[in-house]
Amino acid sequence: MTAWQQDVLGPDFEQLTLDLPSGSPATLVRYAGNAPQWPESPITGADILYVHGWSDYFFQHELAEFWHRSGANFYALDLHNYGRSLRPGMAPGQVTSLTDYDADISAALTAMGRSVAPEEVMVLPAATGEAEQHSFELAFLEEARHRLGAAFDALTGRERPDHRDVPRERPLILLGHSTGGLTLSLWAARHPGAAAAVVLNSPWLEFQASEVGRAMVAPLIQARTWFRPLAPLPGIDPGFYTRAVSKKFDGEWDYESEWRPDRGFPVTPSFLNAVFQGQAQVARGLDLQVPVLVMLSDKSYLQPKWSSSALAADVVLNVDAVAHRAVDLGRLVTLQRIPGAFHDVFLSPGGIRAQAYAGMGRWVEAVLDTSLHRQWAERAAR
């Protein structure tokens, strides 16, 4: 692992190369600027780990600044074979299983100063509701114990130090876009208790042609992985997303086209099989034990011919199919449909991005507000 150095996004960002057992590096990026922060809130001190989507990398500087201004520590991970982590001779985006990214995530969390060993992760009760109720009850009993002890000490004239402020590990918020959202959902299911919440930005939870389409295509793709796993499949990206997003066309954003090509990386049977296997796991139910926010556009545009409608829709995913599949993530899933949003809602026009930021910030703050949780637990217990 090398030292932190200035990132390609400029002096407000730093990057760190992460050496992985496979030999293909990953890259962690962090916000290092000094934008003014908003008043302290439950988000203050939290760690945000962002993972990009297919044929993508982290360049959303505005997203990083939003989290910094909220008081959080923002980190973004360019997975191996993507973006900053690409090296000559590597197959862009190549992966055989989404679990291959476990090493990337583990290395990132270590660099962030977090514990990541599986044996150190507390396994919570199976149901989300049970997990939260258990947490609320413990907090309530601890508060009652402390108050009774303080009252007894006051009566006997003794004083005791308050040990309740012993530092604990910072809350971790996982933030994933598209394939990154699918990857982080599966990772969180395998590591219960590691994250405080999961935020998914247009996650690729289901095939564009629906579950039936996936069930028909998946066996054919799997068969091709046995014979020609890296042979590119026919291209299907007409370039509409790039036209909507890139400053070269109708969009607002500058980025490295080598790391985010106009029509995407070549799709291989190996990669698509990994995605299909992950989507099948979601369809069986992940039973995530933490709150999940799923952010989606209100409509899709999946037509082969360009139209101005593509400038106010998700041109990559069937958002209705994803919304339907989102309920299989866990028992505490919140769905936010954002009118006119792009596939990456944080690359949408400014007014739409503002709605997305406000909704995400409000939701995360409520999730992390333990005093609010305790207050309602006490009320419900009366």
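I counted ten helices and nine strands in the protein; helices (H or I, at least four residues) and strands (E, at least two) are DSSP runs, numbered from the N terminus. This is a predicted model, where local features need pLDDT of at least 70 and side-chain atom pairs count only at pLDDT 80 or more, while totals for chains, interfaces and linings use all residues. Residues are numbered from 1 along each chain as its sequence is written, and side-chain values use heavy atoms, with hydrogens and water left out.

**Entry: whole chain**

I looked up burial: 50% of the 382 residues count as buried. Buried means under 20% relative accessible area, exposed over 50%, and partly exposed in between (1.4 Å probe, protein chains only). The accessible surface comes to about 18,100 Å², and 55% of that belongs to carbon and sulfur atoms. These areas come from the Shrake-Rupley method with a 1.4 Å probe; for residues, only the protein chains shown count as cover. I then checked contacts (heavy atoms within 4.5 Å). Of those between residues at least 6 apart in sequence, 72% join residues at least 24 apart.

**Entry: α2 against α4**

I took helix α2 (residues 102–111) and helix α4 (residues 179–190), which pack at an angle of about 75 degrees with their axes 11 Å apart. Axes are lines fitted to C-alpha atoms, for helices over the stretch in contact, and angles run from 0 to 180 degrees between N-to-C directions. The two helices are therefore roughly perpendicular to each other; angles under 35 degrees count as roughly parallel, over 145 as roughly antiparallel, 65 to 115 as roughly perpendicular and the rest as oblique. From α2, Asp102, Ile105 and Leu109 meet Leu184, Trp187 and Arg190 of α4. By class, I find four nonpolar, no polar and two charged residues in this contact. Ala, Val, Leu, Ile, Met, Phe, Trp, Tyr, Cys and Pro count as nonpolar, Asp, Glu, Lys and Arg as charged, and the others, Gly among them, as polar.

**Entry: nonpolar cores**

A nonpolar core is a set of buried Ala, Val, Leu, Ile, Met, Phe, Trp, Tyr and Cys residues joined through side-chain atoms within 4.5 Å. The largest has 69 residues, and Leu18, Leu28, Leu49, Leu77, Leu174 and Leu329 touch the most other members. Helix α7 (residues 269–284) gives the most to this core, with six residues. I followed Leu49: leaving out residues up to four places away in sequence, Leu49 touches, among others, Ile105, Leu109 and Leu184. Another core, of 34 residues, lies apart from the largest one and includes Leu63 and Ala341.

Leu186 is found in helix α4 and is buried, at 3% relative accessible area. Beyond four places in sequence, I list Leu98, Gly278, Gln281, Val282 and Leu286 as its contacts. Leu186 and Leu286 are 100 residues apart in sequence, yet 7.4 Å apart in space, C-alpha to C-alpha.

Met295 has its place in strand β8 (residues 292–297) and counts as buried at 0% relative accessibility. Its contacts beyond four places in sequence include Val199, Pro203, Phe346 and Met360.

**Entry: positive phi**

I looked up two serines. Ser55 has phi near 50 degrees, a positive value in a residue other than glycine. Ser55 is found in the loop between β4 (47–51) and α1 (61–69) and is buried at 8% relative accessible area. Ser178 has phi near 55 degrees, also positive. Ser178 is found in the loop between β6 (172–177) and α4, and counts as buried at 6%.
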